[in-house]
Amino acid sequence: MDAVYLSDYHFHTRCSADSTATLAQQAKAAMAAGVRELCVTDHWNLLDQQGNRLPTVYDWSRPLEQWKRLRNRWAGKIELRLGVEVGNGVLDPAAVDASLELPELDFVIGSLHSQSAAAGGRGIFTVARGCTRREEGAALMEDYMDMLEELVRTGGYDVLGHVIYPLRYLPKEFALDLRPWWDRLAEIFRTVIAQGKGIECNTSAGSTVEQWRDVLALYRDLGGEVLTLGSDAHRPDHMAAAFPQAVELIRSLGFRYLCVYRQRTPLFYAL
Ligand SMILES: [Zn+2]
Ligand SMILES: [Zn+2]
């Protein structure tokens, strides 16, 4: 990795149900990868994989405690910020806003990990992996686009999390991409840009870089500038995964900056 200031603005720790990593392990791995700034974004999902509702009040005690304990441990080497990844906040935007009233909170990723309530609310990971026909995959994408539109309408996020999320898990032989929904995605991005919000390039532990090309190019063409970079690492060896390739792609598309956040406001640093 070259000497550019780099940030990983999407990763998890044992404060997420699907990770056992400590914040110290993740921070050390990030430093070893040359990252200068981190924002820890543990999960707060409003639905579980089966579609059951989860609490609409986020319990900040553990994520806040671990962040406070470590925030200054590597002062001068790495900046450590506190964020959260909200899953399906569209279910209750007012409750989400209430739980995000935390002075220490710098950054909120708005993600959709589950189908809409009307479609059953099951985890997109589970549904996508279980799809046996292309039409089922397309229906999942259609529902996902409906929710993305609702998410940008209701707010409660700083960047949209992994916009290409269902494509991570849909069977590759369906050869689905976002092209059938391109006009809707463009409209979603126009709203994001008008709100002064952003999107992320999420390498998904290094598994998705090239899949971002067209989506990031569209966002850039529409004037999008607010962009964060995240590995979505759930374990230390995935921290900052595929960042050199992602940065090369981002630069090649004409982005000159990446963003970090302070108090829910983006700060730009040169790539
Ligand atoms: Zn996510
Ligand atoms: Zn995540």
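1. In this predicted model, Gly110 stands opposite Leu160 in strand E5. The pairing to which these residues belong joins strand E4, residues 107–111, to strand E5, residues 159–160, through two bridges, and the two strands run parallel.

2. Seven strands make up an open sheet with parallel pairing, and their order is E1-E2-E3-E4-E5-E6-E7.

3. Helix H9, residues 243–252, lies across E1, strand E6 (198–202) and E7. Relative to E7, helix H9 runs at about 160°.

4. A second pairing concerns strands E8 and E9. Strand E8 (residues 257–262) pairs with strand E9 (residues 265–270) in the antiparallel sense, over six bridges. Within this pair, Tyr261 stands opposite Pro266 in E9. The two strands form a hairpin with two residues between them. In the turn, Gln263 has a positive phi of about 55°, a value that the reader may wish to view in the structure.

5. How do the axes of helices H7 and H8 cross, and at roughly what angle? Helix H7 spans residues 182–194 and helix H8 residues 213–221; their axes come within 10 Å and cross at roughly 50°.

6. On the H7 side, the contact is made by Trp182, Leu185, Ala186, Phe189, Val192 and Ile193; on the H8 side, by Asp214, Val215, Leu218 and Tyr219. Sorted by class, the contact of H7 with H8 comprises nine nonpolar residues, no polar residues and one charged residue. Asp214 of H8 is one of the residues making the contact, and Asp belongs to the charged class.

7. As to the chain overall, the protein contains nine helices and nine strands. The C-alpha trace spans about 50 × 40 × 35 Å along its principal axes. For 271 residues, a compact globule would have a radius of gyration near 18 Å; the protein chain has 17 Å, and the value therefore agrees with that expectation.

Notes: Residues are numbered from 1 along each chain as its sequence is written. Chains are lettered from A and ligands numbered from 1 in the order in which they are written. This is a predicted model: local features need pLDDT of at least 70, side-chain atom pairs count only at pLDDT 80 or more; totals for chains, interfaces and linings use all residues. Side-chain values use heavy atoms; hydrogens and water are left out. Axes are lines fitted to C-alpha atoms, for helices over the stretch in contact, and angles run from 0 to 180 degrees between N-to-C directions. Helices (H or I, at least four residues) and strands (E, at least two) are DSSP runs, numbered from the N terminus. Contact means heavy atoms within 4.5 Å. Two strands pair if DSSP finds at least two bridges between them. The radius of gyration is taken over C-alpha atoms; the globule rule is 2.2 Å times the number of residues to the power 0.38.
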